[in-house]
Amino acid sequence: MKEDLPDSHTSGLPGFLGVIDSGISRVEAIILAVGVLLMALNTVANVVGRVVIGESLFFSEEVNRILIVMITFAGIGYAARHGRHIRMSALYDALPTSARRILMIIISFVTSAVMFFLCYYSVTYIESIYSTGRVLPTMGIPLYLMYVWVPVGFTITGIQYFLTGIKNIFSRDVYLSTHVVDGYEETETEV
């Protein structure tokens, strides 16, 4: 059974907000795809180097650390965009649609505010690392550059939740993200 999935680059929001949403979606997709491919390539090259040459690539671990931070924090925005975050919804599911929509608006705006708050603190953390002058031992790259992805991820996720709140204000349905309607798919079971 083929699912009718929306185009990942098409926003459910009108006008300028839709342009912002679509642009962020494209950037997320590129960051995640490039990050995962680079991590796989780096890991395979390291294994081949160990087997063929007898030595690991000296920079492989640090590259993978940078990529893990990048993928993780780009991924939280992606998960928010596709309504894939873990939800504890026993009480929420028992509410009528109008109450769920109001609760989703509150949840979206509060989560957005928390993401921007965490973004602020991640920037202050990066500033403190920057002031120490620490570098990655093998590659000599300033350590703060590795963590630049943290506020970027929090900002993208905060924007995504904010847009979800806006979408729910102007919609009759309940949306988990700008294009994912709340609900559960019925699955077929074989007897």
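This note goes through the predicted model point by point, from the overall fold to single residues.

1. Basis of the model. The structure is a predicted model, in which local features need pLDDT of at least 70 and side-chain atom pairs count only at pLDDT 80 or more, while totals for chains, interfaces and linings use all residues. Residues are numbered from 1 along each chain as its sequence is written, and side-chain values use heavy atoms, with hydrogens and water left out.

2. Overall fold. The protein has six helices and zero strands, where helices (H or I, at least four residues) and strands (E, at least two) are DSSP runs numbered from the N terminus. Following the sequence, one reads the pattern α-α-α-α-α-α. Of the 191 residues in the protein, 36% are buried; here buried means under 20% relative accessible area, exposed means over 50%, and partly exposed lies in between, with a 1.4 Å probe and protein chains only. If one takes the contacts (heavy atoms within 4.5 Å) between residues at least 6 apart in sequence, 68% of them join residues at least 24 apart.

3. The second largest pocket. This pocket holds about 380 Å³ of space. Of the 19 residues that line it, the closest to its centre are His-85, Ile-86, Arg-87, Ile-107 and Tyr-161. The elements that each give two or more residues to this lining are α2 (60–81), α4 (97–132) and α6 (149–169), and the largest share, six residues, comes from α4. On a 1 Å grid over the protein atoms alone, a pocket is an open set of points where a 1.4 Å probe fits, with protein on both sides within 12 Å along at least five of seven lines, and lining residues have an atom within 4 Å of a point. Its volume is the space filled by probe spheres set on the points, which are joined across faces, edges and corners.

4. Sorted by class, the lining of the second largest pocket has 11 nonpolar, six polar and two charged residues. In this scheme Ala, Val, Leu, Ile, Met, Phe, Trp, Tyr, Cys and Pro count as nonpolar, Asp, Glu, Lys and Arg as charged, and the others, Gly among them, as polar.

5. Aromatic pairs. A search of the whole structure finds seven aromatic pairs; rings of Phe, Tyr and Trp (its six-membered ring) pair if their centres lie within 6.5 Å, and planes under 30 degrees apart count as stacked, over 60 as edge-to-face and the rest as tilted. The ring centres of Phe-73 and Phe-154 are 5.4 Å apart and the planes stand at 75 degrees, so this pair is edge-to-face. Because Phe-73 lies in helix α2 and Phe-154 in helix α6, the pair ties together parts that are 81 residues apart in sequence. Phe-154 counts as buried, at 12% relative accessibility. The rings of Tyr-120 and Tyr-121, with centres 5.2 Å apart and planes at 80 degrees, are also an edge-to-face pair, and Tyr-121 counts as partly exposed at 44% relative accessibility. Phe-117, Tyr-120 and Tyr-121 form one aromatic cluster.

6. Charges over rings. The charged end of Lys-167 sits over the ring of Tyr-175, 4.7 Å from its centre, and Arg-100 lies over the face of Tyr-92, at 5.8 Å from the ring centre. A charge sits over a ring if NZ of Lys or CZ of Arg is within 6 Å of the ring centre and within 35 degrees of the ring normal.

7. Phe-109 lies in helix α4 and counts as partly exposed, at 26% relative accessibility. Not counting residues up to four places away in sequence, Phe-109 touches Phe-162, Gly-165, Ile-166 and Ile-169. Thr-124 is also found in helix α4 and is partly exposed, with a relative accessible area of 29%; its C-alpha lies 9.9 Å from that of Pro-151, 27 residues away in sequence.

8. Two residues of helix α1. Asn-46 is found in helix α1 (residues 15–53) and is buried, with a relative accessible area of 12%. Leaving aside residues up to four places away in sequence, Asn-46 touches Ser-56, Leu-57 and Ser-60. Gly-18, which lies in helix α1, is buried with a relative accessible area of 7%, and its C-alpha is separated by 9.1 Å from that of Thr-178, 160 residues apart along the chain.

9. A loop residue. Pro-137 is placed in the loop between α4 and α5 (143–146) and is exposed, with a relative accessible area of 72%. Pro-137 and Glu-62 are 75 residues apart in sequence and 8.7 Å apart in space, C-alpha to C-alpha.
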